[in-house]
Amino acid sequence: MAYDVFISYRRKGAGSGVAGELQAKLENLGYKVFLDVDDIGSGQFPDQIKQAIEECKDFLLVLAPGTLDNCDSEEDWVRREIVLAQDFNKNIIGVGLPGFAMPDAEVLPLPLRTLPMRQVFLWTHEYRAASFAKIEENLVSTKLRKKRKRKIRLALIPIVLGLIIAAIVLLAKKPSSDNVEIQNVQETGSSEPQLFEYHVQKALLLTQSLPDTNEFKKNFLQMVSDKEPFVKLMEGIAECDSALMLKKQFGDRIKDTYEVESKRKALLGLRQGYYNAIMDDIKVLLDEDGAVFARQDLEIARLLEFPEEKQRLDSIEAMIENSLRE
């Protein structure tokens, strides 16, 4: 199979552990990752490794102290992997471990003298979350995955349009805009129960795939890289509010078999759980000088719309901007 990411590392030293962690994180996000774990004998360079490098889009080079020490030898497998990645014009990203210092170009073997011009992101225990986010942001594979998502969404447009038309036919007495105030709904026929049903079903559809707080924390980096889940959560809460307004206004006409108030409380609890996790991460990032990534978290925190937190968020934003200017 074709791989998205090839991870190159030297087995001796800390590089192997970081390589395995990178593989796990990337595969958890859906990337196809090649990480060779078998010993390679001198002079033996498996065809599958060459093929994996040729087919991959991104080449991650784990740079621990001593990783480049043996690259003077043409038989060194790290050197051969790097050269192949360069020959195949792959997106090469360095992952620098504590203690590694990139040698000057003139000290490196001729085929590797472009390495100092490559991107290298520092990887430490304290900063690895921020570093991983930055690495993923610079992967060609990430851009392609987003393009694939857009294509899927475009392909779904005809289906969505068909569903909208069907909903219009079903809810012929529903106001033309979901944003029309409830008091403007005409009290005729069965439009109120139908409208109630519409809002509830839309809320359920928007929020059915949202992870709980524990799952959110587990996949935190993946979640905060995409605003869509948080937008869906807020829209789902708004739909519940609209349904409850109908229930309050029309009383016995609305048969609530969905326990909408309970569902709304669950969504509010989810919003609070997400918010707390984001604020905890912002604190860690600011303590570790990760202001760029704290800014991304702050954008998501604002999406969750806690009016009482505005002053606090404004203060954090000022801290981030001051940190970035220093």
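## Cysteines

At 5% relative accessibility, Cys-240 counts as buried, a label given to residues under 20% relative accessible area, whereas exposed means over 50% and partly exposed lies in between (1.4 Å probe, protein chains only). Cys-71 is buried as well, with a relative accessible area of 0%. If a disulfide is taken as a pair of cysteine sulfur atoms within 2.5 Å, the count comes to zero disulfides.

## Basis of the model

This is a predicted model, in which local features need pLDDT of at least 70 and side-chain atom pairs count only at pLDDT 80 or more, while totals for chains, interfaces and linings use all residues. Residues are numbered from 1 along each chain as its sequence is written, and side-chain values use heavy atoms, with hydrogens and water left out.

## The chain as a whole

The secondary structure of the chain comes to 12 helices and five strands, where helices (H or I, at least four residues) and strands (E, at least two) are DSSP runs numbered from the N terminus. Of the 326 residues in the chain, 41% are buried. The chain exposes about 18,300 Å², with carbon and sulfur atoms supplying 52% of it; accessible areas come from the Shrake-Rupley method with a 1.4 Å probe, and for residues only the protein chains shown count as cover.

Among the contacts (heavy atoms within 4.5 Å) with a separation of 6 or more, 75% are made by residues 24 or more positions apart.

## Nonpolar cores

A nonpolar core is a set of buried Ala, Val, Leu, Ile, Met, Phe, Trp, Tyr and Cys residues joined through side-chain atoms within 4.5 Å. The largest nonpolar core has 43 residues, and those with the most contacts inside it are Phe-216, Phe-230, Tyr-274, Ile-278 and Leu-304. Helices that each supply at least two residues of this core include H4 (128–137), H6 (191–207), H9 (228–250) and H12 (310–325), while H10 gives the most, with 10 residues. Leaving aside residues up to four places away in sequence, Phe-216 touches Pro-211, Met-223, Val-224, Phe-230, Tyr-274, Ala-277 and Ile-278.

A second, separate core of 23 residues includes Ile-49, Leu-61, Leu-63 and Leu-112. Leu-112 is also one of the residues touched by Gln-86, which lies in helix H3 (residues 77–87) and counts as buried at 19% relative accessibility.

H11 has 13 residues and reaches 19 Å from its first C-alpha to its last, close to the 18 Å expected at 1.5 Å a residue, the expected span being 1.5 Å times one less than the number of residues in the helix. Its buried residues are Ala-291, Phe-293, Ala-294, Asp-297, Leu-298, Ile-300 and Ala-301. They cover an arc of only 165° around the axis, which puts them on the same side of H11; the arc is that of the directions from the helix axis to the C-beta atoms. What covers these buried residues includes H4, H8, H9, H10 and H12, and just after H11, Glu-305 takes a positive phi of about 55°.

H12, with 16 residues, reaches 23 Å from its first C-alpha to its last, close to the 22 Å expected at 1.5 Å a residue. Leu-313, Ile-316 and Ile-320 are the buried residues of H12. They cover an arc of only 60° around the axis and therefore lie on the same side of H12. These buried residues pack against H10 and H11, whereas the face of H12 turned away from its buried side carries the exposed residues Gln-311 and Arg-325.
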